[in-house]
Amino acid sequence: MCGIVGVVGSKNATDILIQGLQKLEYRGYDSAGIFVADKNGNQNLVKAVGRISALQEKIGIEVNGSSGIGHTRWATHGKPSEVNAHPHVSASFRFVLVHNGVIENFKELKEKYLASDKFVGETDTEIVVHLIGKLIEEENLSVVEGFQKALKLIEGSFAFALMDKKNPEVIYVAKNKSPLLIGLGDGYNMVCSDAMAMIRETNRFLEIHDGEMVIVRKDAVEIIDTDGVTRKREPYIAKLDLSDIGKGTYPYYMLKEIDEQPAVMRKIMQEYMSEDSPHQMKVDQEILEAVVKADRIYIIAAGTSSHAGWAAKAFFEQMTQTPVEVCLSSEFGYNIPLLSQNPLFIYISQSGETADSRQVLVKMKELGCKALTITNVPGSTLSREADYTLLLHASPEIAVASTKAYTAQIAVMAVLAKAVGEYIENSTARSFNLIKELSLVANAIEALLTEKELIEQKVAKHLQDTRNAFYIGRGADYYASMEAALKLKEISYIQCEGFAAGELKHGTIALIEEGTPVQALISNQEIASHTRGNVMEVVSRGAKVLTIVSQDCAQADDDLVVQTVHPFLTCIAMVVPTQLVAYYATLQRGLDVDKPRNLAKSVTVE
Ligand code: M6R
C-alpha cells in the first residue's frame, strides 16, 4: 500500500527518495510524487500517475536539494490521478505533506474548519495539510504546536511526514496505527514506512509509537510523546540484507520466491531445532506455557495467511489437544464470537502490518487476551504489540502474491504444535519426527521445481483464454485449493474458486459447462476415490480437468505428481505446483506477475 520516504541533510535527496520509493514499489501503488528542497530556496514538487519510472521521467536536473519527502499512493479517497497523488500542499502552499492511512473524520474537518478552502483533489490528506496550515498561520502557532493541535482533531490511521517550505531542514512526523520509522544516517537522517526503503543508506532505525511526534533534523531526532514530553529511545539494527531484496537473475520476484522454498524449509529446521536433540523443537518456554494454558486457540489472519491457518488447524489440534478456530481478521473484530474462558490469539501475518489483524489484536489485548504473532518481519507492528513472536525466517517476500511465506507459516505452526505436543507429552507429537518430515517436504518441493517446463506446457493448454476456473479438493486438499485459487485469481485475473469437492453438487456444479477448467488436488488415499468421483461428475458436464496428485494416490493419466509427504504437511507440497500454475498462467497472459492491478503487498488500511 502507500509508502513514505523522507530525508534531511543529504547531498542528494532526490536520489535517496527515488531509490527509496523504488524499494517500496512491491507494496503496490498507482501514483507517486516527491518534494525536494534546499536551504537556498530551490524547491520542487513533482508527481506522476503510474510507475516510479514515469515520475523519474518528469524529474529534471533542477529537482535537487538536501531534504525532501516522497510517496507512493494506493488510491483510497479519489481515483489515481496527479492531483490526488502526494505530496499535498496547504492553501498558502507553505506546508507539504505525505500520508499513509485513512482519515475517518475528513468530511467533518472540512466542514467545520475549512469550509471556505478550495481543494484540487479528493483526498483526505489534502484536508489534513490545509488544516495544519490554517491552524499554524491563523492562530500564529509554531509548526510543532499547530501539527499537534491538528493531530488532536484527526481520527483514523495515519503516518504523516510534513515539511515547512520556510524551514526545509526539518521533517515533522507522526503516526497512529500506520507504520513509520526513522532511519539514522551519518550526517543525515531519514523517514520511511518500511525499513527496506532505506536499507541501502542505513541499518539503524528508531521506532515511533502511536501518538508520538518526531522532529527530524540532519543531526538530531527528537521524539515527543502524547503529553509533550521528550522521549529517549535506542535505535535497533534491522537484519535486512540488500541482496535479499534483489531479483538476482530472475525475471520476477514470485519465481525467485517459489524457488527459495526448499531453502526456507531448511532454514526453519535450523532455526528451531533443539541443540539437545534433533527430534525436538526449540521454542521459548513462555510461548509453550501460553499455548498449554489456553482452552482454545484463535488464529487471526487475512488472505493467504488465513489459508495457512486452515492448513495448520487439524495438526495443531491433534498435537496440542486444544481446539483451534481460524478467523478472518476483517470479520472477527466487528463480529466477535462468544470467547472461551482462556483463549490464546495467534496472529499469522507475513508483513506483520495488516491493519485488519492489528485491529483485532488491539481489541483482544484490551480484553486481556494474550497474543502470539507469527510473522516474517521482526520489529513489525504485530510483532511489537504481541506478547510473543515466532519468526518465519523466510527472508523478505517482495512479490504481491505470497508463496514462500505461506509454506513457511505452515512449517512454523508445525514447529509450535510439535513443541507444545512434546511439552504435554502427547503421543501423536512424540512420534512425529518433524525434522525428517520437513526434509522430505523440502525434497518434494525441489523435485517439483524441476517440472517447471511441464507445468508451463500444461497450463498453456488448460487455462488458455478462460475467464474462470475451479480448484477442488477434500480435507487438506480443500484448504490447499483455497490458496491455489487465490494465487491464480490475484495475478492472472482468471476468476477462480477453491471448492470442497463434495460441495460442488450442492449448487456450484451448475457453473460447469463445456471447457470449464477444473484443477483437482488429491493427496489423501482415504478420500481419493471420493474426489475422483467428483472429477468424473464435472467431466461428464464438459469440464476439462487437470489433476495434481500425491505419489501414493497417483494413477497413470494424472497430470502432475507430487512426492508424498506427511499428511500434516501436505498443503505445503500440494500448493507449490499451483503457485507455478498461477505464475505461468499470468506470464502467458502478458501480465506483470509481481504487481497485479489494484493490490498491495502490505495492507495497512482496514
Ligand atoms: O502480510 P499478511 O500476511 O498479513 O497479508 C495478508 C494478505 O493480505 C496476504 O496474504 C494476501 O492475501 C496475499 N497477497 C495473497 O497472495
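This is a predicted model: local features need pLDDT of at least 70, side-chain atom pairs count only at pLDDT 80 or more; totals for chains, interfaces and linings use all residues.
1. **The shell.** How many residues surround the ligand? There are 15. Ser 305, Ser 349, Ser 351, Thr 354 and Glu 490 are the closest. Sorted by class, the shell has eight polar, five nonpolar and two charged residues.

2. Look at the oxygen atoms of the ligand. A polar side-chain atom of Ser 305 is 2.6 Å from a ligand oxygen. For Ser 349, an N or O atom of the side chain also lies 2.6 Å from an oxygen atom of the ligand. Thr 304 takes part through its backbone: a polar backbone atom there is 3.1 Å from a ligand oxygen. A polar contact is a pair of N or O atoms within 3.5 Å, so these distances qualify.

3. **Where the shell comes from.** Which elements give two or more residues to the shell? They are helix H9 (303-320) and helix H17 (476-492). Now consider the domains. Domain 2 (250-446) and domain 3 (451-593) each supply at least three residues to the shell around the ligand.

4. **A cis peptide bond.** Turn next to the backbone. His 86 and Pro 87 are joined by a cis peptide bond, with omega at about 0°. Find Pro 87 in the loop between strand E4 (67-73) and strand E5 (88-89).

5. **A positive phi.** Asp 465 is not a glycine, yet its phi is positive, near 60°. Where is Asp 465 found? Look in the loop between helix H16 (452-463) and strand E21 (468-473).

Notes: Residues are numbered from 1 along each chain as its sequence is written. Side-chain values use heavy atoms; hydrogens and water are left out. A residue is near a molecule or strand if one of its heavy atoms lies within 4 Å of it. A polar contact is a pair of N or O atoms within 3.5 Å; within protein, one must be able to donate a hydrogen and the other to accept it, and residues adjacent in sequence count only if both atoms are side-chain atoms. Helices (H or I, at least four residues) and strands (E, at least two) are DSSP runs, numbered from the N terminus. Ala, Val, Leu, Ile, Met, Phe, Trp, Tyr, Cys and Pro count as nonpolar, Asp, Glu, Lys and Arg as charged, and the others, Gly among them, as polar. Domain bounds come from an automatic or database domain assignment.
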